[in-house]
Amino acid sequence: LKEQLKYAKAYTYEYHLERNGIEYVFRFKIANIEDNGELKRAVVGMADVSTQKAVELRINHIGNKILIVEDDEISCMMLKEILSSTYEVLVAGNGKEALLVLEEHYTEIAVIITDLVMLEMDGYDLLNQVKKMRQYSNIPVIVSTGAGINSEADRDSVEATCLELGASDFVVKPYNARSLKNRIKSLIR
């Protein structure tokens, strides 16, 4: 430390720690407050920059993959048709399968599109899990549904709940291909 501060007024160091499969990053900044170049007194600051580093990692290494979480084959085929010319599409039939795909590919996935109504782990539970897990929490999630949307009030209520749970966007089936592609592009940016 003394050697580093001989050549500069301040020195920044990052400490990486992994616990339970999650990487934490702490940034330390040490500044020499003596004018004569000797290190007699210094100021030390520390910040947890784990979330910032996770975002930087995603920006620098983001893949071109979209994870579709959908148990209806026709809806899944429609989404794949809309997106496969631009993105690599990964598919999970329910929330549990999606978590397994995320575990393996989370650094490559640009956006998750999930249905709400599924038999094993529905979209609500998946949203809760994704936003709770630090390594997945920066992946934007678009919720897509048609079930239970019989009126504008139903739509508003379901959309509000999804956004409160951490969804980035909400679309109602049937899909508008152009609108969906633009929403995905905006979220990735």
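## Paired strands

In this predicted model, Phe28 stands opposite Met46, a residue of strand S3. Strand S3 covers residues 42-48 and pairs with strand S2 in the antiparallel sense, over seven bridges.

Strand S2, residues 22-32, is also joined to strand S1, residues 10-19, by ten bridges, and these two strands run antiparallel. Here Phe28 of S2 has Tyr13 opposite.

## The largest nonpolar core

In soluble globular proteins, nonpolar side chains tend to be buried together. In this model the largest nonpolar core has 25 residues. Those with the most contacts inside the core are Leu67, Leu102, Ile109, Ile112, Val143 and Cys162. At least two residues of this core come from each of the following elements: strands S4 (65-69), S5 (88-92), S6 (109-115) and S7 (141-145), together with helices H4 (95-105), H5 (123-132) and H6 (152-164). Helix H4 gives the most, with four residues.

Apart from this core lies another, of 15 residues, which includes Ile68, Ala110, Leu180 and Ile184.

Leu102 is one of the residues with the most contacts inside the largest core. When neighbours within four places in sequence are left aside, Leu102 is in contact with Leu67, Ile109, Ile112, Val130, Tyr136 and Ile139.

Ala98 is found in helix H4. Because its relative accessibility is 0%, and buried means under 20%, Ala98 counts as buried. Leaving aside neighbours within four places in sequence, Ala98 is in contact with Leu67, Val69, Ala92 and Leu126. Ala98 and Ile112 are 14 residues apart along the chain, and their C-alpha atoms are separated by 9.1 Å.

## Ser75 in helix H3

Helix H3 spans residues 73-83 and contains Ser75. Is Ser75 buried or exposed? With a relative accessible area of 9%, Ser75 is below the 20% cut-off and is therefore buried. Beyond neighbours within four places in sequence, the contacts of Ser75 are with Glu70, Lys173 and Tyr175.

## Cysteines

How many disulfides does the structure hold? The structure holds zero disulfides. Cys76, at 9% relative accessibility, counts as buried. Cys162 is also buried, with a relative accessible area of 0%, and Cys162 is among the residues with the most contacts inside the largest nonpolar core.

Definitions and conventions
Residues numbered from 1 in each chain as written. Predicted model: local features only at pLDDT ≥ 70, side-chain atom pairs only at ≥ 80, totals over all residues. Heavy atoms only, no water. Pairing = 2+ DSSP bridges. Core = buried A, V, L, I, M, F, W, Y, C linked by side-chain atoms within 4.5 Å. Buried < 20%, exposed > 50% of the residue type's maximum accessible area, 1.4 Å probe, protein only. Contact = heavy atoms within 4.5 Å. Disulfide = S-S within 2.5 Å.
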